Amino acid sequence: MIADQKDFITPHITDAHTLDYPCFAQAAHWYQRTIPQACEYELPRWAPIHIGRFALDISPTRHVVMLWIAALLCIVTTLLALRAHNRRTREGKAPSGFGNGLEALVLYLRNEVVLPNVGPHGNGYVPFLLTLFFFILFANLLGLVPYGATATGNISVTFTLAIITFIVIEFAGMKAQGWGYINTIVFWPHDMSLPMKIFISPILTPIEIIGKLTKPFALAIRLFANMVSGHVVLLALISLIFTFATWILVPVPIAMALGISLLELFVAFLQAFIFMLLSSVFIGLIREGAH
Amino acid sequence: MDTLPAPFRLNPGLMIWTLVVFGILAVVLWKSLYPTILKATIDREARIKKDLDDAERLRAESAAALEEQRQLLASARGEATAIIAEARQAAERERSAAVEKTRQEQEDLLHRARREIEAERERAVADIRREAVDIAIAAAGKVVGARLDAAADRKIVEEYIGSIGTGARG
């Protein structure tokens, strides 16, 4: 048993230069001809771009393609919502259909989640946060589609999203507080005597900076870990079938995997929501300047 | 970086792709979805807020007008009361003045009447006295005869009567 152990979980959750697609095997067993199998499509490899000593490989990978699809789905659903909205405003009729559901979702997120957290005059941050939500949501859901992959289960993707969020948060702080923004980096208590300030500032300034960097780091790790762990559990449960190597116990892992899949569906929405919610909270915090 | 297990390795290419895809998506959604759906919502919100503000303002205005009206009414009522009181006072003054005047007139009349009566009485007393003198002279003349000097006798009698008069008086 040990000898033919093969790690098939890591390849499943990591990036690759191939794309899975359904296909039918030529011969072999009958079920291979009736049930679609996974074939691999080799993605093109581009020559790395050299910037100084640093080689940058920007050939599209599986996760890049998933990001494209997620973005495309975002745009398509947006267009549907737009069409429904325009039709409604043109006819002056009551809302109906998928597009309007999406519109209701957009308005809910804006009015109940973003604006209360971001604070007054937060309309400028709504587009960014909604884009974040829908992009992460579709990327999460693509991991649950057969032959799909979870781009948000890749730490590069979540870190980039977190860095973008970090920049937006800091920008919001600068915009809202002006020179007072410096207070979010250098700890300088206004209600203490000067010697006390000089004493305490070098101690607490690193803490301020670490606190600042922890927020996006936690965002990145949270999304990555949630997306990866679900898939790992799912694959581990499926593996039980092969570990037991008996037909009798097949329904048990299948049922458990089904449960986990439903949980994953929930988590896909939850994590997109949490990423957006926490980003809103962070933007609201720095705009308030609670120092 | 390569020493980390595969899932924890950062791939700069993928990071750049994420940035690019997210950036494009954000710009596209910013330009299409939000101007329509969100702007309509924001406009509607602004309109509702404005309507509410207007209603609040109008309510405040009408309340102020009502208050002003009420004050006006109160001041008018006060003024009317003052006017009535003043009129009443004036009437009172007028009446008492009239009464006083009447009383004065009556008193004057009474005085005059009394004086007239007094004068009349004095005149009557003088008349009676003269008459009495005449009668006495005539009677005395009758009694004494013609030998009496009219002028000297008259003086005696008059003195006598005068003494009677003063005696009677005194």
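Glu67(B) is partly exposed, at 37% relative accessibility (buried means under 20% relative accessible area, exposed over 50%, and partly exposed in between, with a 1.4 Å probe and protein chains only). In this predicted model, the side chain of Glu67(B) forms a salt bridge with that of Arg70(B), at 3.8 Å from N to O; a salt bridge is a side-chain nitrogen of Lys or Arg within 4 Å of a carboxyl oxygen of Asp or Glu. The two residues are three apart in helix α1 of chain B and are therefore separated by about one helical turn. Helices (H or I, at least four residues) and strands (E, at least two) are DSSP runs, numbered from the N terminus.

Local features of the predicted model need pLDDT of at least 70 and side-chain atom pairs count only at pLDDT 80 or more, whereas totals for chains, interfaces and linings use all residues, and side-chain values use heavy atoms, with hydrogens and water left out. Residues are numbered from 1 along each chain as its sequence is written, and chains are lettered from A and ligands numbered from 1 in the order in which they are written.

Helix α1 of chain B spans residues 12-144. Within this helix, Asp54(B) and Lys50(B) are four residues apart, which puts about one helical turn between them. Asp54(B) forms a salt bridge with Lys50(B), with the closest N and O atoms 3.3 Å apart, and Asp54(B) is partly exposed at 24% relative accessibility. Another pair in helix α1 of chain B is Arg103(B) and Glu100(B), three residues apart, or about one turn of the helix. The side chains of this pair meet in a salt bridge at 3.2 Å, N to O. Arg103(B) is partly exposed, with a relative accessible area of 39%, and Glu100(B) is partly exposed, with a relative accessible area of 39%. Salt bridges with shared partners also join Lys50(B), Asp54(B), Arg57(B) and Glu61(B) into one network. Over all chains, the count comes to 14 salt bridges.

Between chain B and chain A, the count is zero salt bridges. The contact (heavy atoms within 4.5 Å) takes 48 residues from chain A and 32 residues from chain B. The two chains bury about 3,400 Å² between them, 81% of it on carbon and sulfur atoms; buried area is the accessible area (1.4 Å probe) that two parts lose on being put together, summed over both. In chain B, the residues that lose the most area to chain A are Leu14(B), Trp17(B) and Phe22(B), together 20% of what that side buries. By class, the side of chain B that touches chain A has 23 nonpolar, six polar and three charged residues (Ala, Val, Leu, Ile, Met, Phe, Trp, Tyr, Cys and Pro count as nonpolar, Asp, Glu, Lys and Arg as charged, and the others, Gly among them, as polar). Two residue pairs between chain B and chain A are in polar contact, both at pLDDT 80 or more. A polar contact is a pair of N or O atoms within 3.5 Å; within protein, one must be able to donate a hydrogen and the other to accept it, and residues adjacent in sequence count only if both atoms are side-chain atoms.

Asn154(A) lies in the loop between α5 (126-142) and α6 (155-177) of chain A and is buried, with a relative accessible area of 8%. The side chain of Asn154(A) reaches the backbone nitrogen of Ser156(A) at 2.9 Å. Apart from neighbours within four places in sequence, Asn154(A) is in contact with Asp15(A), His63(A), Phe224(A) and Leu14(B).

Tyr147(A) is also found in the loop between α5 and α6 of chain A. Its phi is near 70°, a positive value in a residue other than glycine, and Tyr147(A) is partly exposed at 28% relative accessibility. His121(A), in the loop between α4 (97-118) and α5 of chain A, has a positive phi of about 55° although it is not a glycine. His121(A) is exposed, with a relative accessible area of 75%. Most residues other than glycine have a negative phi.

Val232(A) belongs to helix α7 (residues 194-244) of chain A and is partly exposed, with a relative accessible area of 28%. Beyond neighbours within four places in sequence, Val232(A) is in contact with Ile9(A) and Ile13(A).
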